[in-house]
Amino acid sequence: MASKSSRCLSFTASRDWCFRLSFTFTGLKSSTITLHQGATIIHCWIPKTHKPHKPNLLLIHGFGANAMWQYNDFISPLVSKFNVYVPDLLFFGGSHTTRPERTEQFQAECLMEAMDQFVNNNNYKMQVMGLSYGGFVGYSMAAQFPEKVEKVIIACSGVCLEESDMEKGLVRVKSIQDATSILLAQTPDKLRELMRMAFYNPPKNVPSCFLSDFIHVMNTEHVQERGELIEALHKGRKLSHLPKITQPTLIIWGEHDQIFPLELAHRLKRHLGENAQLVILKDCGHAINAEKPKELYKHIKSFLVVPK
């Protein structure tokens with residue numbers, strides 16, 4: 001058991017504090033709202049001052065740490081062009097619920113209710129980007145609320161996954177239990193396995209104490225609920241059940257993604273047809289935000305920002 005002093009020196013907690021400072025300096029503020037008569041809490045980074053002349057951009061994170069860790073490299077340049085909103089999904093960061101729903105559709109509904117309160121303008125529209133699991137939620141928002149969502153970026157997100165793909169060997173894991181044990185790593189060895197799957201060039205020789213510290217700070221709360229989110233994504237999933245969204249869509253993927261293989265990107269492009277464009281990042285795995293942040297930002301900006 002870690003002592004209080006060792007926890008005070010937590011590298012993960014210190015980095016989290018730095019990200020919080022970084023978000024604050026860019027012009028965002030931490031905000032929390034309640035939904036469903038107090039049953040649901042949504043935490044979100046929102047503009048300190050909403051600028052009506054700027055478009056709205058919602059950035060949705062994937063599994064892993066909280067939203068700050070996944071979008072910190074992009075916040076400063078994006079805030080100059082958008083009213084940026086960066087929520088924690090349910091059971092990550094400061095968001096949670098006592099309600100039983102675990103689907104991406106429910107996550108999408110909660111985010112939309114939250115955005116309605118944050119923006120406080122019945123006529124607002126927004127652009128949405130989702131990383132990995134966040135792509136499932138973003139896609140669902142676009143399908144459920146087409147009048148609010150103008151453009152969509154789906155980044156390394158297997159929304160076209162079918163339950164049978166695991167049995168057919170398309171994905172590396174052999175069962176949903178294997179997937180859960182890796183994505184919700186509770187030991188340094190499992191976290192190393194996750195890094196090998198997520199990165200084309202995974203970090204090497206990371207001390208076990210650093211990995212244990214990350215698990216302690218970021219991966220010990222809501223483990224059961226997060227496992228239920230993974231189960232809900234997979235169970236009964238069929239491409240024939242996936243609606244076709246009508247918004248212009250950028251599909252962006254790492255060439256060597258081992259979590260959601262590149263075939264799923266091509267499958268999504270075929271599903272959406274001419275309405276979507278596909279960009280493949282070379283020498284990159286699943287964690288495109290960490291491995292290719294400059295290239296990713298270039299494509300985000302090119303797709304979302306309309307030249308004046």
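Predicted model: local features only at pLDDT ≥ 70, side-chain atom pairs only at ≥ 80, totals over all residues.
Residues are numbered from 1 along each chain as its sequence is written, and side-chain values use heavy atoms, with hydrogens and water left out.

Let me start with the record: an unreviewed UniProt entry lists residues 55-293 as "domain: AB hydrolase-1", and such annotations, given here in the numbering used for this model and with shortened feature names, may be inferred rather than shown by experiment. That span is 44% helix and 15% strand, and its end C-alpha atoms lie 22 Å apart; helices (H or I, at least four residues) and strands (E, at least two) are DSSP runs, numbered from the N terminus.

Turning to helix α4, residues 104-119, its 16 residues reach 22 Å from the first C-alpha to the last, close to the 22 Å expected at 1.5 Å a residue, where the expected span is 1.5 Å times one less than the number of residues. Among the buried residues of α4 are Phe 106, Leu 111 and Phe 118; buried means under 20% relative accessible area, exposed over 50%, and partly exposed in between, with a 1.4 Å probe and protein chains only. Just after α4, Asn 120 takes a positive phi of about 55°.

Now to the salt bridges, of which a search of the whole structure finds 10, each being a side-chain nitrogen of Lys or Arg within 4 Å of a carboxyl oxygen of Asp or Glu. One of them joins the side chains of Glu 228 and Arg 102 at 2.8 Å, N to O, and this pair links distant parts of the chain, with Glu 228 in helix α10 and Arg 102 in the loop between β5 and α4, 126 residues apart. Glu 228 is partly exposed at 28% relative accessibility, whereas Arg 102 is buried at 15%.

Helix α10 (residues 223-234) also holds His 234, which counts as buried at 12% relative accessibility. Leaving aside neighbours within four places in sequence, His 234 is in contact, meaning heavy atoms within 4.5 Å, with Glu 163, Met 166 and Ile 176.

Another salt bridge pairs Asp 189 with Arg 192 at 3.3 Å, N to O, and because these two are three residues apart in helix α8, they are separated by about one helical turn. Asp 189 is exposed at 56%, while Arg 192 is partly exposed at 23%.
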